[in-house]
Amino acid sequence: MATVAEVPVLDSVKQFISAPKRLLIGGEWVDAASGRTFATYDPATGGKITDVAHGAAEDVDRAVAAARRAYEGPWGRFTPAERQSLLWRVGDALLARAEEFGQLESIDNGKSAAIAQGVDVVWAANVFHYYAGWATKIEGRTVTPSVPWLPGTEWHAYTLREPVGVCAQIIPWNFPLLMASWKIAPALACGNTVVLKPAEQTPLTALLLGEVFQELGFPEGVFNVVTGYGDAGAALASHDAVDKVAFTGSTEVGKKIVDAAKGNLKKVSLELGGKSPNIVFADADLEAAIAGSANAWLFNHGQCCVAGTRLFVEDSIFDEFTQGVAEFVSQVKVGPGLDPATQLGPLVSQEQLDRVTGYLNQGLADGARALTGGGRIGTTGFYVEPTVLVDVRDDMSVVREEIFGPVVAAMPFSAAEGPVAAANDSEFGLAAGIWTQDLSRAHRVARQLKAGSVWVNSYNAFDTALPFGGYKQSGWGRELGEAALDLYTQTKAVNIQL
């Protein structure tokens, strides 16, 4: 890596991380009931950042009780317009403190502070603004019933969209602030209360967000944060006083969430793993497709559930195209997130570094060939070379399994056979990309792909108004857009005989 030119850390960020972090329960910052703490680490150096309260089942009980009191008390009396105003102010606060949140996210997660500020924080603010608008637009409808076994009767019937209640929200470490916003904003817009459990690797921006909620005057217990490990998440998922659990993370853990939630049959939504196909036809704009296909799996250091890590390229351009991708990624600037020149930061943890390098070693041992990359960078921090693998087979782990790092496996396809069967040959179905100048082909292939999001001549083309979620083992339900309101409301039918 080149010489590091890090930007100065804001005094507010230094002050925030200078003291041990506590749990936010019922509007109060409290220690874990056990008194235990755990450390969170800087992925750029491996050094300790600060200590964080180690929440567990007893703390979950306290947080759920606080959320229930708020739901049945003051928050339940807030009008939609009052909820709208508060949520809008959260978005404004995020924008006003974007540099602070961006730096903190970079220190805790490893991602570029510039990208965290300009993408993650700005988008999180947009999510709060978007769902603030929905708070006043959650509506029922009238229905004209026909009751054939009661002839001559008249009825007035209507439906109500009501909040679910107390929502447990368990978020991942790859987009800590952004994934929190995707869950918190629609839940509160609908009138629910929240207990948030951030990933143990990246708890800091969730705690800073808790300070924002306090400063803006949300009633005590509307938003609670319990930091901790998987046992805290399990306690939330199984809690009989929780009405809804939302989880983003691995498919393996998602299945455990479902099992834990069955006790009281709480509502469950899941955004899980992916191994997304990215398809390049020979007629594509190759310059745009090379850059777009590289960024499809480099984005967020490859730690992205939709990453286009299975690259299918039409055989007539395969060698030219994959070499172009390899040359593109070999020029990417790797470094710490606080370096403004950094394009690719470290992985989030030693555990993730071991996971990704383990897959690389296995892939190379199985016969894959690296056009570029293939290993770790240096010995300080959790850096991995961006890697383009060719000569892969569809039975290799690097092709079948989610690596969650900056690694792509490239495979040719013939014009006669097409790429769809191979692209759909996966237990996942989260996203897909198509690169072609043939509009009819783009529409046809988009319909054939088993994926919740399909991008044409682009990748990672998200928008807050568009629903997001997966087919198959990539999850249940849809976040973002109007669709997310279904996750946090239930419908009541009222029928009155006149």
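## Two helix pairs in a predicted model

The axes of α2, residues 57-72, and α8, residues 230-238, cross at roughly 45 degrees. They come within 9 Å. The crossing of α2 and α8 is right-handed.

Which residues make the contact? From α2 come A57, V60 and V64. From α8 come A232, A235 and L236. By class, this contact of α2 with α8 has 6 nonpolar residues. It has no polar and no charged residues.

Now turn to the second pair. Two packed helices are described by the angle between their axes and the distance between the axes. Helix α4 spans residues 98-109, and helix α5 spans residues 113-134. Their axes come within 8 Å. The crossing angle is roughly 120 degrees. That makes α4 oblique to α5. The crossing of α4 and α5 is right-handed.

What does each helix bring to this contact? Helix α4 supplies A98, E99, F101, G102, Q103, E105 and S106. Helix α5 meets them with A113, A116, Q117 and V121. By class, the contact of α4 with α5 has 5 nonpolar, 4 polar and 2 charged residues.

The contact of α2 with α8 has no polar and no charged residues. The contact of α4 with α5 has 4 polar and 2 charged residues.

Conventions
Residues are numbered from 1 along each chain as its sequence is written. This is a predicted model: local features need pLDDT of at least 70, side-chain atom pairs count only at pLDDT 80 or more; totals for chains, interfaces and linings use all residues. Side-chain values use heavy atoms; hydrogens and water are left out. Axes are lines fitted to C-alpha atoms, for helices over the stretch in contact, and angles run from 0 to 180 degrees between N-to-C directions. Helices (H or I, at least four residues) and strands (E, at least two) are DSSP runs, numbered from the N terminus. Angles under 35 degrees count as roughly parallel, over 145 as roughly antiparallel, 65 to 115 as roughly perpendicular and the rest as oblique. A crossing is left-handed if the near helix is turned anticlockwise from the far one by less than a right angle, and right-handed if clockwise. Contact means heavy atoms within 4.5 Å. Ala, Val, Leu, Ile, Met, Phe, Trp, Tyr, Cys and Pro count as nonpolar, Asp, Glu, Lys and Arg as charged, and the others, Gly among them, as polar.
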